[in-house]
Amino acid sequence: MQFLANPTRFLKIANAVLPTVWAITIALFAVGLYGALVTAPPDYQQGETVRIMYVHVPAAWMALFVYTVMALASAVAAIFRHPLADVAAKTAAPIGAVFCFLSLATGSLWGKPMWGAWWVWDARLTSMFVLMLLYIGYMAIWAAIEEPHRAAMVARVVALVGFINIPIVKFSVDWWNSLHQPASVFRADGPTIAGPMLWPLLVMGLAYSFLFLALHLTAMRAEIAARKIRQIQIAEIGER
Amino acid sequence: MKLILALIKRDLTLSMRQGGGVGTALGFFLTVVVLLPIGIGPDQALLARIAPGALWIALLLSVLLSADRIFQQDYEDGSLDIMTMGPVPFEMVALAKAVAHWLSTSLPLAIAAPILGFLVNLEPSAILPLAIAVVVGSIALSLLAAIGAAVTVGLRRGGLLVSILVLPLYVPVLIFGLSASQPGAAPGLTTASLLILGAIALVSLVVSPLASAAALRSYLK
């Protein structure tokens, strides 16, 4: 991690790996979508609508995962003063918010035919919605405070306080009686999904992860460039 | 400890003698509760059913609106700068201010909540559970509001931002507060909800001073 502390070095590595990461992402999506839409069997109860699962579940995983990345990066920034950690946290937020929105939207589309309602107020949905609000609040802090260094310090606090919600989302289906089904992949006694449906789901999960990696690296690159531009502009004003 | 008590006393005195303190918050609380029956119609049965929820939401908003007073003035006149250099750890200063806010604003609002219940036809059997739940819950409300107030202390238009940041954190308080103040609930549920409310208050007691102090420090540098 110390090795990446130098932005120039980070940029060099990011530029080198990005094409590969994008290629892997596209390949995984191709395989995953083929498996999800063509080879996976329809569910015996839900029929073809079960295919929503392959976009819905990975998006929800990523929404939680990205917030965890954000909180970890904030902690690293607070403890080690790592110069890129704040950049990582800041740029992860919009990506995570989109994943969160995607999981809410696809969940809503899935809920209509299955539960008969676009939205129900139960534990999992409510805590996921709160996660969306946390993403929005975090981005609002960055937007509201002009001075980047100060914004970074305040945003760290916001990200770390909001992290309390992540275990609540994860375990909400176990703690409360929920309409939403409980965890069926990451369980102590092994997944409860049949193999032909499980592998496309896992491939899609990997594809989403690589998509996040690609988007995140690109966004971090852009953010570093934006900071450079800001510094050049300030220097130019100083010269005048 | 003596210094911390002195700090709390100072904040209480300030909020008593200045206008726009408890009275305004209570007035706001009253207004929201009165607007509700006007907004949804005077049906007594309907009002009785939504009364606990209405009171809770009005309480959240009133606490939130008074939150900016926790640190704002001391930040603007420089007292906070001096407090960072004092012998009291800055986390304890933040805690003292949150406690003062609870004593001066949230607690009076919580005590007023069951009384305002008469306006929205709160069932008699719900009065006692509601009264206990709002008092316990208001501790967490003040502590969480302090985080929001600290995070936005140097911003000119921090009010709306405080709502976006703090209301998500209020959701658990609202959920368990409501299930503790439902009149027809099983007795075990009420106790369990009250215990969880207490747990939330204790967790915020730990998190709030640390988070508020960290946020305040970044503004004071």
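This is a predicted model: local features need pLDDT of at least 70, side-chain atom pairs count only at pLDDT 80 or more; totals for chains, interfaces and linings use all residues.

Student: Which order of elements does chain A show from the N terminus on?
Tutor: Chain A contains seven helices and zero strands. Its C-alpha atoms fill a box of roughly 70 × 35 × 30 Å along the principal axes. Read from the N terminus, the order of elements is α-α-α-α-α-α-α.

Student: What percentage of the residues in chain A is buried?
Tutor: A residue counts as buried if 20 or more other C-beta atoms lie within 10 Å of its own. Applied to the 240 residues of chain A, this criterion gives a buried share of 35%.

Student: How many helices does chain B have, and what does its radius of gyration come to?
Tutor: Chain B has nine helices and zero strands, and its C-alpha trace spans about 55 × 35 × 30 Å along the principal axes. For 221 residues, a compact globule would have a radius of gyration near 17 Å, and the value for chain B agrees with this. The answers are therefore nine helices and a radius of gyration of 18 Å.

Student: Among contacts in chain B between residues at least 6 apart in sequence, what percentage joins residues at least 24 apart?
Tutor: Buried residues make up 45% of the 221 residues in chain B. Of the contacts in chain B that join residues at least 6 apart in sequence, those between residues at least 24 apart account for 83%.

Student: At what angle do the axes of helix 2 and helix 3 of chain B cross?
Tutor: Helix 2 of chain B covers residues 22–40, helix 3 of chain B covers residues 44–65, and their axes come within 9 Å. The crossing of these two helices is right-handed. The angle between their axes is roughly 145°.

Student: Which helix of chain A gives the most to the side that touches chain B?
Tutor: The contact between the chains joins 16 residues of chain A to 14 residues of chain B. Helix 4 (123–144) and helix 5 (148–162) of chain A each supply at least two residues of the chain A side. That side divides into 13 nonpolar, two polar and one charged residue. With nine residues, the helix that gives the most is helix 4 of chain A.

Student: Which residues touch the most other members of the largest nonpolar core?
Tutor: This core has 130 residues, and helix 7 (residues 124–151) of chain B gives the most to it, with 16 residues. Leu59(B) touches Phe29(B), Leu109(B), Ala110(B), Ala113(B) and Val134(B), leaving aside residues up to four places away in sequence. The members touching the most others are Ala63(A), Val158(A), Leu55(B), Leu59(B), Ala145(B) and Ala150(B).

How values were computed: Residues are numbered from 1 along each chain as its sequence is written. Chains are lettered from A and ligands numbered from 1 in the order in which they are written. Axes are lines fitted to C-alpha atoms, for helices over the stretch in contact, and angles run from 0 to 180 degrees between N-to-C directions. Helices (H or I, at least four residues) and strands (E, at least two) are DSSP runs, numbered from the N terminus. A crossing is left-handed if the near helix is turned anticlockwise from the far one by less than a right angle, and right-handed if clockwise. Two residues are in contact if their C-beta atoms, placed from the backbone, lie within 7 Å. Ala, Val, Leu, Ile, Met, Phe, Trp, Tyr, Cys and Pro count as nonpolar, Asp, Glu, Lys and Arg as charged, and the others, Gly among them, as polar. A nonpolar core is a set of buried Ala, Val, Leu, Ile, Met, Phe, Trp, Tyr and Cys residues joined through C-beta atoms within 7 Å. A residue is buried if 20 or more other C-beta atoms lie within 10 Å of its own, exposed if 12 or fewer, and partly exposed in between; C-beta atoms are placed from the backbone. The radius of gyration is taken over C-alpha atoms; the globule rule is 2.2 Å times the number of residues to the power 0.38.
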